[in-house]
Amino acid sequence: MLGVRTIEIEVEGIPVKGTLQWSTQSLYQLELYAPYSGPVYTFSFPKLFPPFQEETLSEIEQNAKSHLRTLFFKCEGMKKEIPKIESALKEFWMEIQSISVLSPSEWKEKNEFLKQAMLEGYMDKAIYEKTIHDLTSVMEKKQMEREKRCESFLSQYLPEFSHLQNHFSWIRFCYEFTEKKHLLLL
């Protein structure tokens, strides 16, 4: 992802914040982080390349604000449904955690380690590129498997939300919401 922007709006008196990242495929990833963290929405925009004109940034930001408002309302709706599926959700969360997928920071660390190994002569460029390619392929397969299983879970337990993108982010939101609720009860 290239570039990160913070987007802030107010919805019914509640401050809502998210981060907007732009990828090289002209896809934008919007991640809600306040008042809830986790849910992600990906959207496209006409293919533009940096440096962006100020009016283009403004248009992209307005589009992101609209999506951020939608993410907030989806969270509010989903929050009401979580108690109905709490035990199934906890069981599914433990199951889905068995699919090991590197986080972005772990991925970056792994890439830097391999690059350093190449620079220090422990592997040549061809082996480095093949290793990166193989690792990428494995991670993509694992992410796809995890995403499909999350989509299936949402379809079964929360069908009205199964159309959402980035299903894992929504499952994580639900699970973390139940954990926070329990911490508040302690």
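Let's start with two neighbouring strands: S2 (residues 14-22) and S3 (residues 27-34) pair in the antiparallel sense, with 6 bridges between them. Two strands count as paired if DSSP finds at least two bridges between them. Strands here are DSSP runs of E with at least two residues, helices are runs of H or I with at least four, and both are numbered from the N terminus. To see one of these links in the model, find Trp22, whose bridge partner in S3 is Tyr28.

Before going on, keep in mind that you're looking at a predicted model, in which local features need pLDDT of at least 70 and side-chain atom pairs count only at pLDDT 80 or more, while totals for chains, interfaces and linings use all residues. Residues are numbered from 1 along each chain as its sequence is written, and side-chain values use heavy atoms, leaving out hydrogens and water.

Now move along to strand S4 (residues 40-44), which pairs with S3 in the antiparallel sense over 5 bridges. Here Gln29 stands opposite Thr42 in S4. S3 and S4 make a hairpin with 5 residues between them, and Gly38 in the turn has a positive phi of about 120°.

Let's zoom out. The chain has 4 helices and 4 strands, and from the N terminus on they run β-β-β-β-α-α-α-α. Of the 186 residues in the chain, 37% are buried. Buried means under 20% relative accessible area, exposed means over 50%, and partly exposed is in between (1.4 Å probe, protein chains only). The chain exposes about 11500 Å², and carbon and sulfur atoms supply 55% of that; such areas come from the Shrake-Rupley method with a 1.4 Å probe, and for residues only the protein chains shown count as cover. Among contacts (heavy atoms within 4.5 Å) with a separation of 6 or more, 54% are between residues 24 or more positions apart.

Next, pick out Arg5 in strand S1 (residues 2-11). Arg5 counts as partly exposed because its relative accessible area is 34%.

What about charged pairs? The structure holds 10 salt bridges, each a side-chain nitrogen of Lys or Arg within 4 Å of a carboxyl oxygen of Asp or Glu. In one of them Glu76 meets Lys79, with the closest N and O atoms 3.4 Å apart. These two are 3 residues apart in helix H1 (residues 54-96), so about one helical turn separates them. Glu76 is partly exposed, since its relative accessible area is 22%, and Lys79 is partly exposed too, at 25%.

Lys84 and Glu81 form another salt bridge, their closest N and O atoms being 2.9 Å apart. They also sit 3 residues apart in helix H1, so about one helical turn lies between them. Lys84 is exposed, because its relative accessible area is 64%.

Over in helix H3 (residues 125-157), Asp134 and Lys130 are 4 residues apart, about one turn of the helix. Their side chains meet in a salt bridge of 2.8 Å, N to O. Salt bridges that share partners also join Glu86, Lys90 and Glu179 into one network.

Thr178 lies in helix H4 (residues 167-185). Is Thr178 buried or exposed? Thr178 is buried, because its relative accessibility is 1%. A polar atom of its side chain lies 2.6 Å from the backbone oxygen of Tyr175.

Finally, look at the cysteines. A disulfide is a covalent bond between the sulfur atoms of two cysteines, and here the cut-off is a pair of cysteine sulfur atoms within 2.5 Å. The structure holds 0 disulfides. For Cys75, the nearest cysteine sulfur, that of Cys174, is 8.5 Å away. Cys75 counts as buried because its relative accessibility is 0%, and Cys150 is buried at 0% as well.

Key
A polar contact is a pair of N or O atoms within 3.5 Å; within protein, one must be able to donate a hydrogen and the other to accept it, and residues adjacent in sequence count only if both atoms are side-chain atoms.
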